[in-house]
Amino acid sequence: MLSQTGEHGSASGAKASSLQLYRSIIRNEGIMGLWAGNGANLLRVFPAKSIVFSSNDFYRGCCGYLYYGSSQKNSEQSGSLPLFLSFLSGGLAGITATAATYPLDLARGRITGKLAGPGGKKYYKGIANTMIVTVREEGFKALYKGITPTLLGAMPYEGIKFGTVGILERIFPKDHDTESKSYNVTRKLIFGGAGGVMASLITYPNDTVRRLLQLQGSKGTTEHFEGYWDCVRKTYGKYGIERFYRGGGLNIVRMAPNTAIQVRLLCGILFVVWNTLSIQC
């Protein structure tokens with residue numbers, strides 16, 4: 001995220017390699033600096049991902065009902081939907097989760113996206129401190145800075161992720177005989193990872209804009225933007241198109257296993273819950 005925001009202690013707008021970033025973090029914040037913002041991320045991830053996956057199932061059910069005309073026909077098709085409906089249900093799920101948990105995402109962005117100042121002094125220390133300082137210095141509305149590109153990005157990101165998984169499910173249908181004996185872990189991991197990588201590649205420039213908007217007005221940040229398009233215009237004019245992709249490689253390395261594990265765990269949990277309910281019935 002430091003590569004993405006540019007708040008890594010080098011000259012303003014300067015590009016830093018992954019190795020330089022690691023060195024800067026350890027030198028300024030110590031080894032624990034590598035986990036800065038992890039608490040906020042964990043606190044955000046649990047409700048956000050729960051809402052994403054549960055609401056995706058809900059929206060898929062609604063789309064299936066509208067598309068097939070009845071819940072029974074939707075069930076007969078095993079919930080299989082056309083690509084555009086898979087994209088729509090995933091996108092709506094992303095927007096729902098983002099709207100519900102955004103202040104936590106902003107707190108994480110401000111803690112993680114800014115390197116410690118002189119003497120290892122952090123501008124923001126923890127979730128509560130970040131929110132209190134932000135509200136006190138910038139007002140309550142500041143907790144929602146950058147929400148426009150976040151909502152704009154949530155629709156295509158989750159849509160592409162779930163849509164990609166849906167496409168792969170169609171191209172490589174599961175073997176029911178094998179599934180009944182042993183859940184195919186590798187298959188789900190690959191599908192989930194591919195969905196995460198595809199979504200990250202396409203939506204990363206928008207993610208850079210939202211991070212820049214989240215940090216404006218915060219301690220130590222001098223950049224100011226009037227809104228989404230003003231941020232895009234000024235950033236492009238000053239640094240060029242390359243600026244929107246800084247940190248993209250590291251993000252893909254992070255997102256591939258992250259999304260793969262999420263999808264696999266969700267399917268595993270649903271499999272266990274379904275079997276438990278079937279036994280009880």
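# Close-up views of a predicted model

The chain of this predicted model averages a pLDDT of 78, and 80% of the residues score at least 70.

View 1. Confidence is lowest in helix H8, which covers residues 176-181. The mean there is 54. Helix H10, residues 228-239, has the highest confidence, at 91. Where pLDDT is low, the predicted coordinates should not be read in detail.

**View 2. Helix H7 and its bend at Gly-153.** Helix H7 runs over residues 147-171 and has 25 residues. From first C-alpha to last, H7 reaches 35 Å. That is close to the 36 Å expected at 1.5 Å a residue. At Gly-153, H7 bends by about 30°. A proline, Pro-156, follows within four residues.

**View 3. A nonpolar surface patch that includes Tyr-22.** The patch has an area of about 640 Å². Tyr-22, Ile-26, Ile-31, Met-32, Leu-34 and Trp-35 make it up. Tyr-22 belongs to helix H2, residues 18-29. Its relative accessible area is 46%, so Tyr-22 counts as partly exposed.

**View 4. The salt bridge between Asp-105 and Arg-210.** Nine salt bridges are present in the structure. In one of them, Asp-105 pairs with Arg-210, and the closest N and O atoms are 2.4 Å apart. The pair links distant parts of the chain. Asp-105 lies in helix H5, residues 83-112. Arg-210 lies in helix H9, residues 185-215.

**View 5. The salt bridge between Lys-145 and Glu-138.** The closest N and O atoms of this pair are 2.6 Å apart. Lys-145 has a relative accessibility of 22%, so this residue counts as partly exposed. Glu-138 stands at 23%, and is therefore partly exposed as well.

View 6. The side chains of Arg-233 and Asp-230 meet in a salt bridge, at 2.6 Å from N to O. These residues are three apart in helix H10, so about one helical turn separates them. An α-helix has 3.6 residues a turn, so residues three or four places apart point the same way. Elsewhere, salt bridges that share partners join Arg-44, Asp-105, Asp-207, Arg-210 and Arg-211 into one network.

**View 7. Asn-41 and Gly-109, 68 residues apart in sequence.** In space, the C-alpha atoms of Asn-41 and Gly-109 are 9.0 Å apart. Asn-41 sits in helix H3, residues 38-68. Asn-41 has a relative accessibility of 16%, under the 20% cut-off. Asn-41 therefore counts as buried.

**View 8. Glu-29 and Lys-122, 93 residues apart along the chain.** Their C-alpha atoms are separated by 8.3 Å. Glu-29 is part of helix H2. With a relative accessible area of 21%, Glu-29 is partly exposed.

Notes: Residues are numbered from 1 along each chain as its sequence is written. Side-chain values use heavy atoms; hydrogens and water are left out. Helices (H or I, at least four residues) and strands (E, at least two) are DSSP runs, numbered from the N terminus. The expected span of a helix is 1.5 Å times one less than its number of residues. The bend at a residue is the angle between axes fitted to the seven residues ending there and the seven starting there. Patches are made of residues with over 30% relative accessible area and no salt bridge: like charges are joined within 9 Å, nonpolar side chains (Val, Leu, Ile, Met, Phe, Trp, Tyr) within 5 Å. Accessible areas come from the Shrake-Rupley method with a 1.4 Å probe; for residues, only the protein chains shown count as cover. A salt bridge is a side-chain nitrogen of Lys or Arg within 4 Å of a carboxyl oxygen of Asp or Glu. Buried means under 20% relative accessible area, exposed over 50%, partly exposed in between (1.4 Å probe, protein chains only). pLDDT is the predictor's confidence in each residue, from 0 to 100.
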